[in-house]
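Happy to walk through this one with you. Let's take the terms one at a time and see what stands behind each.

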Amino acid sequence: MPLTRKAYRAAILHSIDDPAIVGIDASYEYFEDGLLVIDNGRISALGHASDLLPTLPADIDITHYQDALITPGLIDTHIHLPQTGMVGAYGEQLLDWLNTYTFPCESQFADKAHAEEVADIFIKELLRNGTTTALVFGSVHPQSVNAFFEAAEKLDVRMIAGKVMMDRNAPDYLTDTAESSYQQSKALIERWHGKGRLHYAVTPRFAPTSTPEQLALAGQLLGEYPDLYMQTHISENKQEVQWVKELFPERSGYLDVYDHYKLLGERSVFAHGVHLCDDECARLAETGSAVAFCPTSNLFLGSGLFNLPMAEKNKLNVGLGTDVGGGTSFSLLQTLNEAYKVMQLQGARLSPFKSLYLATLGGARALRLEGRIGTLQPGTDADFLVLDYNATSLLSYRLKQAKDIAETLFVLMTLGDDRAVMQTYAAGNLVHQR
């Protein structure tokens, strides 16, 4: 793709640290009239337009947005590609929902043409919502991951994905074996991991659907390729937590199952964690593991409320996840709308700057990619989006009442959705235009 030097002028906002650590005021940079300069897919300068404009060549291409806000690309740390076709499925909690809707939907990915069609829809939906990086579950079929990575590679987007490993407690048409899951994962790692902006994640679905043999081989893969990711689910639903106790009576708890099989580490992301205890949060933090907070899905499936203050107390890395199809929207703006309510129900506050952090730099830190994505710091990948203050008539009217950037940001996260995303850029290329 042709890349040249370009500049983008608008209000610009990004996180530079976690408000829980440095306080709100020191957690972000805001330029009311800012300029972002891109060179060959990377950010080369960021600052006030008045400071930077005199330093640029006269013929540089400058795009000037009125009534708009540039932020880093959003980062979704937990989402399921094969569940795109069953978003908003009625009436079940986690375990029944898996059997009634999820497994039949995922079975269709045995067909490569179907996998390719859904991968195309899925990536377009991510980009339409301003999501430039996602940590993605495939199905048990290797072609689900091949189709996804082929589509992602064409757009030069930074994506992480893996084939689900699942050798028990699922329909026969959807299980692999410990050995086949190891061999298929290995082949996918060899083909895709580190290719362009793509990374592989070892993906045991969750402890109940993997035998001890399969979990041991998942841990072995992580040992064989030291910079791999690992993604799975943990403590989402009380029934599920009880089931894990019955399946692994020799282990002290749900997290201890994964710990025993060497699945905790700096690139391990555990989705949900709604029913984690204090000690488990401390152990996750100690090992450098992260949790994906999925408020929309936790409310939709009636799973419970994630305790963000407990995670913060333990200095545990937390990213944000839409968890489509348990979650009902690809929009991380809408996911933050739900996150705010989850905190309210627990008597806690979620500031708009903490929300921004969770959706950008917090997600990057959870994925150990903070030097590449999640901010607009010079040297990072030029993954960013342009939010339109006039996207809807209500948003336009409401933002005219906003007194400062904090209120503007909060209103965008409360009233905003995919319609607010005017443009999405990945590695400096325009990958979505509303």
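**Contacts, cores, strands and cavities**

Q: What makes the residues around phenylalanine 122 its contacts?
A: Contact means heavy atoms within 4.5 Å. Leaving aside neighbours within four places in sequence, phenylalanine 122 is in contact with Ile79, His80, Leu81, Thr84, Val136, Phe148 and Phe330. A quick word on the source: this is a predicted model, where local features need pLDDT of at least 70 and side-chain atom pairs count only at pLDDT 80 or more, while totals for chains, interfaces and linings use all residues. Residues are numbered from 1 along each chain as its sequence is written, and side-chain values use heavy atoms, with hydrogens and water left out.

Q: Which residues have the most contacts inside the largest nonpolar core, and what makes a set of residues a nonpolar core?
A: A nonpolar core is a set of buried Ala, Val, Leu, Ile, Met, Phe, Trp, Tyr and Cys residues joined through side-chain atoms within 4.5 Å. The largest one here has 111 residues, and Phe122, Phe148, Tyr258 and Phe293 have the most contacts inside it. Helix H4 (residues 112-128) gives the largest share, seven residues; helices (H or I, at least four residues) and strands (E, at least two) are DSSP runs, numbered from the N terminus. A second, separate core has 17 residues, including Ile38 and Phe384.

Q: Why is E1 described as largely enclosed by the rest of the structure?
A: Buried means under 20% relative accessible area, exposed over 50%, and partly exposed in between (1.4 Å probe, protein chains only). Eight of the ten residues of E1 are buried, so the strand is largely enclosed.

Q: How do you know that E1 pairs with E4?
A: Two strands pair if DSSP finds at least two bridges between them. E1 and strand E4 (residues 61-72) share six bridges, in the parallel sense, so they count as paired. Alanine 11, for example, has leucine 69 in E4 as its bridge partner. E1 is also joined to E2, by nine antiparallel bridges.

Q: Why are E3 and E16 called edge strands?
A: The open sheet of seven strands has the order E3-E2-E1-E4-E14-E15-E16. Strand E3 (42-48) and strand E16 (429-433) each have a single partner strand, so one side of each is left without a neighbour in the sheet.

Q: Which helix gives the largest share of the lining of the largest cavity?
A: Helix H3 (residues 94-107) does, with three residues. Residues lining this cavity include His80, Trp97 and Asp323.

Note on methods:
1 Å grid on protein atoms, 1.4 Å probe; cavity = no way out; pocket = protein on both sides within 12 Å on 5 of 7 lines; lining within 4 Å.
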